[in-house]
Amino acid sequence: MNSKVLIKIVFLLGLVSLTGCLRTPEWTLFYYADEAKKPQNPISADYIAGYYDTLEQCQLKGDGMLRLSGKSYVEMDNRALENATAIPVAIEKGYQCEQLCEVNDDDVIICK
């Protein structure tokens with residue numbers, strides 16, 4: 001095999017392997033279950049808890065974080081019945097997954 005062909009093959013393989021590293025995750029997890037009530041602006045850098053390739057991965061991570069924090073849906077619903085101020089938290093999951101989020105010129109996060 002010609003050495004020039006071998007060098008081209010190695011270069012192309014290296015280039016192809018690097019493109020996987022440059023891909024940006026499509027979904028952003030905003031987690032705010034630790035707040036007393038849902039924040040007025042939950043899509044904020046303060047609540048970013050991770051970036052994921054699929055919606056399912058993002059939701060599984062959010063559900064797992066709720067479980068680890070001890071805030072299951074059932075517990076949140078029971079508290080909501082006892083305390084009317086907890087109803088917004090009980091209805092909301094405590095997190096949300098948003099797609100293709102970017103920061104605009106005013107440093108505001110915009111998601112599609």
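Okay, a definition to start: buried means under 20% relative accessible area, exposed means over 50%, and partly exposed is in between, with a 1.4 Å probe and protein chains only. Ala33 counts as buried, at 2% relative accessibility. You'll find Ala33 in the loop between strand S1 (27-31) and strand S2 (48-52); helices (H or I, at least four residues) and strands (E, at least two) are DSSP runs, numbered from the N terminus. Ala33 and Tyr95 are 62 residues apart along the chain, and their C-alpha atoms are separated by 6.4 Å.

Quick housekeeping. This is a predicted model, where local features need pLDDT of at least 70 and side-chain atom pairs count only at pLDDT 80 or more, while totals for chains, interfaces and linings use all residues. Residues are numbered from 1 along each chain as its sequence is written, and side-chain values use heavy atoms, with hydrogens and water left out.

On to the cysteines. How many disulfides do we get? Calling a disulfide a pair of cysteine sulfur atoms within 2.5 Å, the count comes to two. If you number the bonded cysteines in sequence order, the pairing is 1-2, 3-4.

Take Cys58 and Cys97, with sulfur atoms 2.1 Å apart. The link of Cys58 and Cys97 is left-handed, with -100° about the S-S bond. Cys58 sits in helix H2 (residues 55-69) and Cys97 in strand S3 (residues 95-99), so this pair ties together parts that are 39 residues apart in sequence. And are these two buried or exposed? Cys58 is buried, at a relative accessible area of 0%, and Cys97 counts as buried too, at 15%.

Now Cys101 and Cys111, joined by a disulfide with S to S at 2.0 Å. Here the link is right-handed, with 105° about the S-S bond. Cys101 is in the loop between S3 and strand S4 (102-103), and Cys111 is in the segment after strand S5 (109-110), so the pair ties together parts ten residues apart in sequence. Cys101 is partly exposed, with a relative accessible area of 23%, and Cys111 is also partly exposed, at 21%.

Next, the rings. Rings of Phe, Tyr and Trp (its six-membered ring) pair if their centres lie within 6.5 Å; planes under 30 degrees apart are stacked, over 60 edge-to-face, and the rest tilted. That gives one aromatic pair. Tyr32 and Tyr47 make it, edge-to-face, at 6.2 Å centre to centre and 85° between the planes. Tyr32 and Tyr47 both lie in the loop between S1 and S2, so the pair ties together parts that are 15 residues apart in sequence. Tyr32 is buried at 4%, and Tyr47 counts as buried at 16%.

Last stop, Glu98, over in strand S3. What is the nearest side chain of opposite charge? For charges, Lys and Arg count as positive and Asp and Glu as negative; His and the chain ends are not counted. A salt bridge is a side-chain nitrogen of Lys or Arg within 4 Å of a carboxyl oxygen of Asp or Glu. Glu98 is buried yet has no salt bridge, and the nearest opposite charge is the side chain of Lys38, 7.9 Å away. Leaving aside neighbours within four places in sequence, Glu98 is in contact (heavy atoms within 4.5 Å) with residues including Trp27, Phe30 and Cys111. So much for Glu98, and that's my tour.
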